[in-house]
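Visitor: I am new to this structure. Please show me how to read its features.

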Amino acid sequence: MKYTLVMRGHPRYPERGKKAYACAQYEKTLSIDELLDYITLHGSSYRKGDYKAVISTLAEAMAEKMAEGYKIDLAEMGKFYPTLECEGAATPADFNPDKHIKAVHVNWEPGNDFKHLKQKTTFREDLTRRMQKEALKADMEKWKKSIG
């Protein structure tokens, strides 16, 4: 997995200064078709259409059950559960779900196949962005000197 380094400070504690943090750099977004091609090309006995049908049906069922307040446990994949984005009301009596609940989000607790992802990952710094930034900075310095 490629990463770049960024300097970040804590907004509540600017006096602590900034530290270097790694940010994952994604190769690309893998579409469902590309993922299914990968699965079917690596020894699966099912066809791509079978997986698509299962995923579609699973997503529909999960959305319906989470809307009813269920947490969904998909074993190795993990648990999916709904959370609410809300505005506060002055008192419990003033709370109106139509007014105060702004959105329903889905959270994920990783299952066993995802819990130890770090041990399965090889990290390498993506120097391309840093080199581009440094080159741009150098060009800006030259330009500033030329206008003078």
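Guide: L117 lies in helix α5, residues 117–120; helices (H or I, at least four residues) and strands (E, at least two) are DSSP runs, numbered from the N terminus. This is a predicted model, where local features need pLDDT of at least 70, side-chain atom pairs count only at pLDDT 80 or more, and totals for chains, interfaces and linings use all residues. Residues are numbered from 1 along each chain as its sequence is written, and side-chain values use heavy atoms, with hydrogens and water left out.

Visitor: Where does H100 sit, and what does H100 touch?

Guide: H100 is in helix α3, residues 97–100. With a relative accessible area of 4%, H100 is buried. Contact means heavy atoms within 4.5 Å. Not counting residues up to four places away in sequence, H100 touches E85, C86, E87, G88, A89, D94 and F95.

Visitor: How many disulfides are there?

Guide: A disulfide is a covalent bond between the sulfur atoms of two cysteines. The rule here asks for a pair of cysteine sulfur atoms within 2.5 Å, and the count comes to zero. C23 is buried at 17% relative accessibility, while C86 is partly exposed at 43%.

Visitor: Which strands form the open sheet?

Guide: Strands of a sheet pair through backbone hydrogen bonds, either parallel or antiparallel. Here the order is β3-β4-β5, with antiparallel pairing; two strands pair if DSSP finds at least two bridges between them. The edge strands, β3 (72–73) and β5 (101–110), each pair on one side only. Nine bridges join β4 (residues 78–86) to β5.

Conventions. Buried means under 20% relative accessible area, exposed over 50%, partly exposed in between (1.4 Å probe, protein chains only).
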